[in-house]
Amino acid sequence: MNMNTWRSTDELEDRPAFRDWLQREFPPLASEWTNEASRRSFLKIMGASFALAGLNACTRQALEKVVPYVRQPEDLVPGQPLYFASALNLEGYARGILVESHEGRPTKIEGNPEHPASLGASDVFMQAEILALYDPERSKSVMNGLEVSTWDEFLALVVQEREKWKSNGGIGLRLLTGHITSPTLLSQIEVLLQEFPNAKWHVHEPLATKAPQPIYDVGKAEVILAVENDFLGPGPAQLKYARDFASRRRADSGATKFNRLYVAESTPSMTGARADYRYALGPRALQEFGTALATEASLPSWGVPILADLTRNKGRSLILLGDSLSEEVRQFARNWNRPLQIAQPLPSNGDSLSEFMQHVEAGKIETLVILGGNPAYDTPVDFKFAEKLALVPLRIRLGLYEDETSALCQWRLPEAHPLETWSDARAFDGTATIMQPLIEPLYGGKSAHELMAALAGNAVVSGYEIVRQYWHAQHAGDDFEKYWRKSLHDGVVAGSAGGKSSPFAPSVRAAASGSGLELVFRPSPSIRDGRFANNAWLQELPQPFTKITWDNSALISPATAKRLHLSNEDVVDLKYRGRLVRAPVWILPGQADDCVTVHLGYGRTHAGRVGNGVGFDAYALRTSDAPWGGSGLEIVKTGLRHPFATTQHHQSMEGRDQVRVGTLAEFQQHPAAVAQVGEPAPGGDETLYVPIAYKGHAWGMAIDLGACIGCNVCTIACQAENNIPVVGKEEVARGREMHWIRVDNYFEGAPENPRIHFQPVPCMHCENAPCELVCPVGATAHSSEGLNQMVYNRCVGTRYCSNNCPYKVRRFNFLEYDRNPFESAPVLKLLRNPDVTVRTRGVMEKCTYCVQRINRVRIEAEKQNRPIRDGEIIPACAQACPAEAIVFGDINDPQSRVAKFKASPLNYGLLAELNTRPRTTYLAKLLNPNPEAEKT
Amino acid sequence: MNVPDETPVVAPGYDSGSVTRKITDVVLARPLGRGWLAGFAFAFALLMLLNFAIGWLLIRGVGIWGINIPVAWGFAIVNFVWWIGIGHAGTFISAILLLLHQDWRTSINRFAEAMTLFAVACAGLFPLLHLGRPWVFYWLLPYPDTMGLWPQWRSPLVWDVFAVSTYATVSLMFWYVGLIPDLATMRDRSAPRPLQFIYGVMALGWRGSARHWKRFKMAYLLLAGLATPLVLSVHSVVSLDFAVAIVPGWHSTIFPPYFVAGAIFSGFAMVLTLLIPVRKAYGLQDFITIRHLENCAKIMLATGLMVAHGYITEMFMSWYSDDKFDIYMTLNRMFGPYAPAWWLLMFCNVLVPQALWFKSIRTNPAILFVLALLVNVGMWTERYVIVVTSLHRDFLPSAWGIYHPTRWDWMTLIGSFGLFLSLLFLFLRLLPAISITEMGKLVLDKKESRQQ
Amino acid sequence: MPQLFKRRANAIANAAIMGGVLIFLGACGVVYALGRSDYWTRKEEPLAQPVPFSHEHHVAGLGIDCRYCHTSVEKSSFAGMPPTDTCMTCHSQVWKDAPVLQPVRDSMQNGRPLRWTRVYDLPDYVYFDHSIHVNKGIGCASCHGRVDQMPMTWQEQPLYMRWCLDCHWQPEMHLRPLEEVFNLSYASPKNQFLLGTTLAEQNHVSHDGLTDCYTCHR
Amino acid sequence: MNQNLYGMMAEFEQTEELLNAARAAFKAGYRKMDAYSPFPVEGVAEVLGFEHTRVPLVVLIGGITGAAMAYGMQYYSAVWDYPLNIGGRPLHSWPSFIPITFELMVLFAAVAAVFGMLLMNGLPKPYHPVFNVPAFKLASQTRFFLCLQATDPQFGEGTKHFLTSLNPIAIHEVES
């Protein structure tokens, strides 16, 4: 009985000796039995452990308590989750969400289908936000210097300050925020600035693009050229773009005419991976290409057919340019794209950071209020923000964490998490969402609204009133209550799209000139600009292409590596414009030659226990004049080595056909030619056994490789849904990551510019499951609906099933991961999905097709005596997928979507020749080459 | 039977009485030697190391080992297969050679059987330890539980449980039955009352009655008859742990015979490794003669060749099957990250035994000893190669991994030697290491055959 | 030589062997029995509660329906434990100041919930759903027994897996008409099998899937 | 002659002597007798009129029982008691049931052999009259003994004389 073993481990844990021992055990870097004391205590425990191992079987189940409410909320049915609509911000832009809440505990975030920026899907940051909510390391109390203070004491201070401001119109009062779209907050700021005309508001957003990109209708584009523009990658509009793009790449959905994607970029991006043609060029070359494109002069030979293709489809073609390209080129592109523009570029306002810094130096600033952000960490290094901040006498910070910026401020106010507060925000297209709290602030945080109200001398009002008042002002009239409720319920404010939105912090144009090695800055695909650095889920999420976890690296091309005699894990000094950063090297096929890409967001010093000291800080090289990189980089080998923890050591397909790719043309000529290759799966009759009939439902899954953009959200959605533990860098390095669905990444062809393939791999739920055959205790067996069941509490941990699984999708609890530093914090127990068992040490686990969801739906349907509808059951991965690449359903029902997918000639089973008869199958990936380009 | 041209299996000039005296004196008359004490102390220290490693294992879990996904089996299974293999020589000698009337076996079968028991004890340890939750090992046994669940009979691991436990039980009984008359002798020869008493209890009051002897011989013969197919089945079942799986490098029909051959191969290597020092230390050269060593060497040569044949067949089949996974596996063994291990095993198991073609080497204890040691290493490496290299790169390149043993892996392996040696030292000290009755009979028969 | 052993040694030897065998068998028997014993399963063991709540009094005496307190039993996996104010709906009038109800009043005042001891405590890896059982015609009494006759509530059934399976293997032996689900005194008729089969027909209770592992374990 | 006499015992040095003695005794009509030797002596038992043993039969029965139980148990649990779909294999996967059937057959047969033998030999029997003879300790080492039991009708005054006629090294009276 695993609960017994738990208890026995508890008994051990209570011994202090053992506890700090465990501390030293994790990370397992620390040696187990170095010093005398622990060795002695060890011998004690060793004795105990034998006793316990014996006693385990002989203890009665302990008595548990059941604790009812005192007053039970009306709409709450104990044991049944509730869903609330809200929104989360990325660089200020809202992505609508639905939050699942169990007895008042938010446990899971899904996209809100009503919301234009999520369309029911989600990105990795949305999924991980739930962990951020409970993060035990968020700042918990108002601090004044080293003193623990209170909100009231702070208000007292504000009162004094206001007297001063009243007298001088707020000279020296400065507001520094990230990018804000919240209508309420904007109006609050406006009010403040009106009251104190001499006060000023500055905006800093580390990843803000130079000029706001309009939003285009990718779904209508026949031809797309993306230059250094990762529109399928993480970003405020990623989910919409991915959905629209994928909708034009489905051979099954009747769309016989694919769109065509050309990508030229310096470092592989999700967009590049999906391209029909990809060109790896350094920033300089890209700039030249851009100019050539705009001027139609001196276009490289490979560019000619592209331009032709674009021109042929003018009006139905897009040129999407990255920020590093010059304004002229971007203007040219904007004009070109106008026909497909769906959302206006948002007007810029607000004062720049450079101006702010001048005022700081000039000593013009007396009181600085920093709302969120983390400028001390992520402002351009040439601003020397951190050291100059001391010139400001009074520094007030509202922040989620005691981070680098907080460390420099006297007054530090704990900020409430978006899931804890009333607020609102706009999506990229202006659609407003009213954000409602799911839970009382866990750590007594305050929202920006409450702080602004306080500054405006109106400290008493609650966040709720502030937001409500704002919207009441927008929608006067007696049906406001209805309007309000509807907006809350739907998660979008009707007709708010295109509404007035907020400033972008403009950053000066990138200089793409000079010579020598080039440096390219990119946000980290996992932790973005560093704001998610303390989120263990994201840190452990294998980054696309490199599959590195818990690190960033200097990405260089194979050729460059050869030239500089560098190999993976070599540590080098990056010397750039008189600054130096020490970084480990990773050789990335598809990276442009003589160009080094570094991911921002790492090397945090005040992120928290999870994020501190992970990777190196690339901001230390990032200057205000060239935020996306530039020339003049020097690499000096140090001779040191830095081990990476990657989850995929082998990225060549070894001539095997796990990912099957063809062209649209091939497919249209011989539909079977693309997917039905290699050794065929044995037919159903080629068996000595009596085939097992699955009479009722037969659950199955189809994954469309043609749609997958490799965004990783399935992995993290699964982690959130199934209580999958984080194991830490050491364990990942040992090959013990626990993700139930992994996104395999293969490179095909020449290493300088290979084709890149993604392949999400969950459990295949084979009908002839090899794993089941070898389990000595029947801990894994087949259900009557064809699920490959894994019963944790029966598992004895022989691990034979994993050995015999050709897909290696099974995961083993080599240690008591639930007790490691990433999981052990008591508050994290609130995060657990109550419908999924938390696994103990020594048991196997794997993808269950989210059986808890299947059972929930089945029970509801049974209670209503009706059949289960197609699409009613959605596993976490499928629900999160922005490209709708994962389809789940009943393959016995010919009308179901999954059955239709599986009927497609593109459908194939992974390693089906082993006669495992997988229930999870794949749809081959189709490319749409340009006949002319083929000629050249 | 007599083989005039060869060195005798017993040096001339012994009658049953002197044989008895010489053997029993090893235990009864000989004082507690410094050598024995030192040896035992060393073995016991290793045993404590094992204890230590196991304790930590139970507290922290199998994660302290180097295993991972994909290589979910490591040292534990390698050691298990290796030890169980070593166990096979004992039964082979005492059962199969008995049925074949190889009378030279008499002077070494007792010792070999003891070795078998201890090896099986070591082997039995590992399947338990390698479980993620060892405290529920009993779920592998059929018993009427409150869950309504049973073992999953299609799993080779369950077959293992039955095969190994049967093997252990039968070997133990075989060994003990053979001991009974000798225990009677010990009872009657030992002076101090307590000793007499202990041996007396163990001898069950054996008095050498003719009727008893008749039944005894019959039972012993039948046990031998049963042990023979058993010993073959046990390692076949062990090999099925691999052969039943679909992993390239495991999924092969040649495994059972080639594992059995390998087992006997390594078993005899271990017999030599132990006999050569022991016969010297206890001056038993007259009973354990060069002839014995040479015969063991011959068997090693034969089984070694079978093993080599196994290797070749494996490689041939993976080429002949034209299965891309299998071919890759074979090449990966030769040239992949674990190539050194593969070449080492080829050297130890294929090349080294060829030296045994030469009588001069077969009859040179010193060289034989070194040779046997090499074979022991080789056979361990073979299992390592089979377990690890097959797993670390199977079907999907994306799931390929690498395995490095941790210090806890090594401790457990080395510790198991401690267990083995401790038991062996105690055995040498407390029980007649050579079958007295059979030797007595043997010298008598020899005398008769000489008289004729 | 004088005999090493006394005459009776033979008897002793035989006795020892016999005894050994018997003790082994005995031990097995004990373990077997213990696993099924009421001690081990806590069957029929009345547990101490913060308030000596009597189902007998409330159900038999006052005729309060199960669902009055266990409100979510038809809707949710969890049958629901009555919040304090449910108790107070009556006990603000009757037994207003009975000392035994002090904890209830305290809870109401200081807003701290009552902490009852679980009587039916399934292991954490077992997922039981009340609503589906109730909606498919498994009576409360089938698992909870005659709570209307329990002054102190105890666990009526052993709750080990085989017990669950007995019903999941043969639901028709336990199904009752839906209107009888909350009737504690309902007695299954002689032709239960026939009745059960027809009920299974009506309420779509199918055998396949009932004994899948994932039905209860995830 | 004294009442509590178990029998008379003659001590020999050679197996042949024992054999001849036994033959003679049998011819002389002695039946209740036994021969003792440190190792099995060919033919003595037969001479004493002990032709064949039932050990093989016991083993056979043991083996059959083991095999039957093993297969029965597997069939019952896998097909009848809790049928599970394991990797799409038939419930009655008889080939997979063979190994355990074989192993348990061997186990039961072996156990039957050992315990059958001990039981039929009436062992353990720590106390036995023959041990009363001091010289008998050599029976497990170098000497061979023939013991005529007092309960034999032939046993009487003549017995000692008869034994002397076999010229043993010594003759011992065995106290019961």
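Which residue of chain A forms a salt bridge with Lys324(B)? Keep that in mind while we look around. One caution for today: this is a predicted model.

Let's start with the answer. The partner is Glu913(A), and the closest N and O atoms are 3.7 Å apart. That sits within the 4 Å limit for a salt bridge. Two salt bridges are found across the interface of chain B and chain A. Polar contacts are found there too, in 33 residue pairs.

Which helix gives chain B's side its largest share? That is α2(B), with nine residues. By class, the side of chain B that touches chain A has 44 nonpolar, twelve polar and nine charged residues.

Now the whole interface. Chain A brings 73 residues to the contact, and chain B brings 65. Together they bury about 5900 Å², with 61% of it on carbon and sulfur atoms. On the chain B side, Arg60(B), Ile69(B) and Arg133(B) lose the most area to chain A. Those three make up 14% of what that side buries.

Next, some strands in chain A. Take β24(A), residues 579–587. How does β23(A) pair with β24(A), parallel or antiparallel? The pairing is antiparallel, over six bridges. Leu574(A) has Val581(A) as its bridge partner in β24(A). The two strands form a hairpin, with two residues between them. In that turn, Arg577(A) has a positive phi of about 50°.

Strand β24(A) also pairs with β22(A), residues 554–556. Here the strands run parallel, joined by three bridges.

Methods:
Residues are numbered from 1 along each chain as its sequence is written. Chains are lettered from A and ligands numbered from 1 in the order in which they are written. This is a predicted model: local features need pLDDT of at least 70, side-chain atom pairs count only at pLDDT 80 or more; totals for chains, interfaces and linings use all residues. Side-chain values use heavy atoms; hydrogens and water are left out. Contact means heavy atoms within 4.5 Å. Buried area is the accessible area (1.4 Å probe) that two parts lose on being put together, summed over both. A salt bridge is a side-chain nitrogen of Lys or Arg within 4 Å of a carboxyl oxygen of Asp or Glu. A polar contact is a pair of N or O atoms within 3.5 Å; within protein, one must be able to donate a hydrogen and the other to accept it, and residues adjacent in sequence count only if both atoms are side-chain atoms. Helices (H or I, at least four residues) and strands (E, at least two) are DSSP runs, numbered from the N terminus. Ala, Val, Leu, Ile, Met, Phe, Trp, Tyr, Cys and Pro count as nonpolar, Asp, Glu, Lys and Arg as charged, and the others, Gly among them, as polar. Two strands pair if DSSP finds at least two bridges between them.
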